[in-house]
Amino acid sequence: MTAEVDPATGPAMSYVYAVSRAGTPLGEALAGLPGLEGGPLRAVAAGELVALVSSVPSASYGTEGVKAQMEDLDRLEVLARTHHAVVEAAYEHATVLPMRLVTVYLDDERVRGMLDEREPEFSALLARLEGHVELGVKVYADPREAVTVSSRGPDTDTAASPGRAYLQKRRAQQQNHRQTYRAAGAVAAEVAARVAGIARAHVTHRPQQGDLAQAAGENIVNDAYLVHGSQADAFRAALTGLADDAPGVRVEITGPWAPYSFATPPAPGGGEPR
């Protein structure tokens, strides 16, 4: 595709969302779904592979434009949500390899060159992921939700001074905190053991913090598992009730998703537009 030039935004570039096998009608299947900047999606084929692409303005997706977007949280959120929405929609129709955010090429011809160059790598990944999904497992520790026997029991020292009562309360809180985190660690260790015969692969991510950690308690485990689609229910069943006997500990299972944690190929050349 020849780059179109807009005087205000510069020449169009080719943004790549995902790669799949040639012959997959991704372009037609997603014809009504807009890409970034509202641009229509299209398929760019080369050999045995096809890339899902849309045009984006160089002013926003060239080196300086990308840097500005990464520093603007609102723009970055829109970029990430749109990218992921396209990938998830594509995965409903075919096995795809999600590309990293802001995988941009100067034009479609360079996208074809990338597909030719990386065909062995991409084909092997696609074969490995065929029929598989990603399931996330998060373990949370929340000492505030944990109820210890001592805190439920009667107060045996009703005559304690305010200072002594405060120290007793602090010791109980500290003990409760330690017990909750020990229990969360034990639950986390049990997850992998329970799904060992179901999951094909396992990736450990950094626990979510700050704005990403919207659930109650502290996220101490944020892992991803590669599971065949037919085994997703068995995976969930294997973890049912895991934290029932651990007050203050919660296990959250998310997905199924397109297997981002296992499919995203490394970006050659440091991610610069090519």
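Helices (H or I, at least four residues) and strands (E, at least two) are taken here as DSSP runs and numbered from the N terminus. By this scheme P256 belongs to strand β10, which covers residues 249–257, and the peptide bond that leads from G255 to P256 is cis, with omega near 10 degrees. The structure is a predicted model, in which local features need pLDDT of at least 70 and side-chain atom pairs count only at pLDDT 80 or more, while totals for chains, interfaces and linings use all residues. Residues are numbered from 1 along each chain as its sequence is written, and side-chain values use heavy atoms, with hydrogens and water left out.

The predictor's confidence in each residue is given as pLDDT, on a scale from 0 to 100. The protein chain averages a pLDDT of 83, and 79% of the residues score at least 70. Over residues 148–154 the pLDDT is below 50, and this stretch has three contacts in the model beyond near neighbours in sequence, a contact being heavy atoms within 4.5 Å. Residues 269–273 also have a pLDDT under 50, and for them the model has nine contacts beyond four places in sequence.

A nonpolar core is a set of buried Ala, Val, Leu, Ile, Met, Phe, Trp, Tyr and Cys residues joined through side-chain atoms within 4.5 Å, where buried means under 20% relative accessible area, exposed over 50%, and partly exposed in between (1.4 Å probe, protein chains only). The largest nonpolar core has 24 residues, of which Y15, Y17, L36, L52, Y61 and V96 touch the most other members. Strands β2 (10–21) and β4 (49–57) and helix α4 (73–91) each supply at least two residues of this core, and α4 gives the most, with six residues. A second, separate core of 22 residues includes A46, L49, L226 and A263.

Strand β7 (residues 132–141) contains K138 and also V137. Apart from neighbours within four places in sequence, V137 is in contact with V191, V221, N222, D223, Y225, F235, L239, V251 and E252. K138 is buried yet has no salt bridge, and the nearest side chain of opposite charge, E252, is 4.6 Å away; a salt bridge requires a side-chain nitrogen of Lys or Arg within 4 Å of a carboxyl oxygen of Asp or Glu. In the loop between β7 and α7 (149–152) lies D142, which is buried at a relative accessible area of 5% and is in contact with T180, A216, G217 and G248, leaving aside neighbours within four places in sequence.

In helix α9 (residues 232–239), A232, F235 and L239 are buried. Seen down the axis of α9, these buried residues fall within an arc of 60 degrees, so they line one face of the helix; the arc is that of the directions from the helix axis to the C-beta atoms. After α9 comes G241, whose phi is positive, near 75 degrees.

Most residues other than glycine have a negative phi, and most peptide bonds are trans. E37, in the loop between α1 (26–29) and β3 (42–46), has a positive phi near 60 degrees and is exposed, with a relative accessible area of 53%. V102 likewise has a positive phi near 60 degrees, but this residue, placed in the loop between β5 (97–98) and β6 (104–105), counts as buried at 9% relative accessibility.

Terms used. Lys and Arg count as positive and Asp and Glu as negative; His and the chain ends are not counted.
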